[in-house]
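Welcome! Here is a short briefing to read alongside the sequence and the 3D view.

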Amino acid sequence: MDEIINRVANSTLEVFDLEDYYPNGIRTQIDISQWLFEGFLLKEKDFREALKNHDWAQYQNHFVAVHCSTDAIIPAWASILVTTHVAPFAQKVILGTVSDLESALYQEILLKLDYSTYHDKPVIIKGCSKKPVPESAYVLAAQYLQPQAKSIMYGEACSAVPLFKKSK
């Protein structure tokens, strides 16, 4: 009988797993509508007072997304004012949803990576993840890997989808 050979383990294939770069920490969404009159009307004096009396320390080391869940039309300064209160406690603050926050975190991390280790190598961007890796992170990873990689695939080694191959 022939010996079973693991060709994946013996290949030069490099796995790029976005889950490896997932920043640990609590994600919190702050909804501005909680401080609006009936969730829709910003009364400046009441708004400022509510922010002043809010316990901002509860967001210590959190990743924070500031948004408004209602269709209220709020001035730009309202989100900025909330940010000035939470920023001294939070690791990062963005305007948007938790999904937007995940994208922003990955954008920041992927921008700083050294992709030269993937130079002229076949790369597979691992598709399965137990952590909430946003689709935008996969798009960014492909963009950053493309100038370096010989080829890029997506998925798992046993069932990868080819995405890019450098022309010779």
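How many salt bridges does the structure hold? There are 6 of them, a salt bridge being a side-chain nitrogen of Lys or Arg within 4 Å of a carboxyl oxygen of Asp or Glu. This is a predicted model, in which local features need pLDDT of at least 70 and side-chain atom pairs count only at pLDDT 80 or more, while totals for chains, interfaces and linings use all residues. Residues are numbered from 1 along each chain as its sequence is written, and side-chain values use heavy atoms, leaving out hydrogens and water.

**Salt bridges**

- Side chains of opposite charge can pair when their charged atoms come close.
- Lys-121 pairs with Glu-14, with 3.6 Å between the closest N and O atoms.
- This pair links distant parts of the chain, 107 residues apart: Lys-121 sits in the loop between α4 (98-112) and β5 (122-126), and Glu-14 in strand β1 (residues 14-16). Helices (H or I, at least four residues) and strands (E, at least two) are DSSP runs, numbered from the N terminus.
- Asp-17 forms a salt bridge with Lys-126, the closest N and O atoms being 3.7 Å apart.
- Here the partners are 109 residues apart, with Asp-17 in the loop between β1 and β2 (27-31) and Lys-126 in strand β5.
- Lys-166 and Asp-120 meet through their side chains at 3.8 Å, N to O.

- Asp-17 counts as buried, at 11% relative accessibility; buried means under 20% relative accessible area, exposed over 50%, and partly exposed in between (1.4 Å probe, protein chains only).
- Lys-121 is partly exposed at 30%, and Glu-14 is partly exposed at 27%.
- Lys-166 is partly exposed at 31%, as is Asp-120 at 45%.

**Two helices side by side**

- Helix α5 (residues 135-145) packs with α4 at an angle of about 15°, their axes 9 Å apart. Axes are lines fitted to C-alpha atoms, for helices over the stretch in contact, and angles run from 0 to 180 degrees between N-to-C directions.
- α4 and α5 are therefore roughly parallel to each other (angles under 35 degrees).
- Residues making the contact (heavy atoms within 4.5 Å) include Tyr-106 and Leu-110 of α4 and Leu-140 and Tyr-144 of α5.

Conventions
Parallel < 35°, antiparallel > 145°, perpendicular 65-115°, else oblique.
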